[in-house]
Amino acid sequence: MSAKTCYINVLEYFPLQEIEAGLTNKTYNFSSLEALVQWIKDLKKHKPDIDEDLGEELIRKTMLNKMAHGKVYRDSLKNREYLKRANSDDIRDFLLDKNMHLEKQIAHLGIQKRYQTFNGVMKSLDQVESNILSIKPETDHQKETMVEQLEKLIQTAQKQLEGIKGNK
């Protein structure tokens, strides 16, 4: 997305008086605000009950406040898995607790970002592989299960790498 498009999206979404001071004192920038706009849109899509209960205005103001106080960062807003996999109560708790950090809640819930790059695929595969290899099978059944898991891991890696090659 171009910088101009980012500016336009942000300025169309936020009332200027809401973001002007934060932009001036560099509490947040257009890139983080653009990520927030997308996060709120995704929240409405994946958890419409939260949007209905709290209202978009409260959610917007809450998130701006959290950004201003270092409780939310652009990278954590880009974690699309959080809104898909966290339950509504967890997200509601996050929004209503002014001291809760988004990154800490994502980590607490064990929600990892799905990687779209070759390096990301390799990193996530390394994590899975180390988890599998840390298991010491004692029976033949456990060994067979481990082999099946490793075969699934290899198939998944091949599919992900094919997807990455196809996106070039």
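What percentage of the 168 residues in the chain is buried? In this predicted model, buried residues account for 35% of the chain. The accessible surface amounts to about 11,100 Å², and carbon and sulfur atoms contribute 50% of that area.

**Overall fold**

The chain contains 11 helices and 0 strands. Of the contacts between residues at least 6 apart in sequence, 66% connect residues at least 24 apart.

**Packing of H3 and H5**

Helix H3 (residues 30-46) and helix H5 (residues 56-68) have axes that come within 11 Å and cross at roughly 140 degrees. The crossing of H3 past H5 is right-handed. On the H3 side the contact is formed by Ser32, Leu33, Leu36, Trp39, Ile40, Leu43 and Lys44, and on the H5 side by Glu56, Ile59, Arg60, Met63, Leu64 and Met67. By class, 9 residues of this contact are nonpolar, 1 is polar and 3 are charged.

**Aromatic pairs**

The whole structure holds 3 aromatic pairs, including the two tabulated here.

| Pair | Centre to centre | Angle between planes | Geometry |
|---|---|---|---|
| Tyr7 and Phe30 | 4.3 Å | 75 degrees | edge-to-face |
| Tyr82 and Phe94 | 6.5 Å | 80 degrees | edge-to-face |

Tyr7 belongs to helix H1 (residues 3-13) and Phe30 to helix H3, so their pair ties together parts 23 residues apart in sequence. Tyr7 is partly exposed, at 38% relative accessibility, and Phe30 is likewise partly exposed, at 22%.

The pair of Tyr82 and Phe94 links helix H7 (residues 80-85), which holds Tyr82, with helix H8 (residues 88-96), which holds Phe94; the two residues are 12 apart. Both Tyr82 and Phe94 are buried.

Key:
Residues are numbered from 1 along each chain as its sequence is written. This is a predicted model: local features need pLDDT of at least 70, side-chain atom pairs count only at pLDDT 80 or more; totals for chains, interfaces and linings use all residues. Side-chain values use heavy atoms; hydrogens and water are left out. Axes are lines fitted to C-alpha atoms, for helices over the stretch in contact, and angles run from 0 to 180 degrees between N-to-C directions. Helices (H or I, at least four residues) and strands (E, at least two) are DSSP runs, numbered from the N terminus. A crossing is left-handed if the near helix is turned anticlockwise from the far one by less than a right angle, and right-handed if clockwise. Contact means heavy atoms within 4.5 Å. Ala, Val, Leu, Ile, Met, Phe, Trp, Tyr, Cys and Pro count as nonpolar, Asp, Glu, Lys and Arg as charged, and the others, Gly among them, as polar. Buried means under 20% relative accessible area, exposed over 50%, partly exposed in between (1.4 Å probe, protein chains only). Accessible areas come from the Shrake-Rupley method with a 1.4 Å probe; for residues, only the protein chains shown count as cover. Rings of Phe, Tyr and Trp (its six-membered ring) pair if their centres lie within 6.5 Å; planes under 30 degrees apart count as stacked, over 60 as edge-to-face and the rest as tilted.
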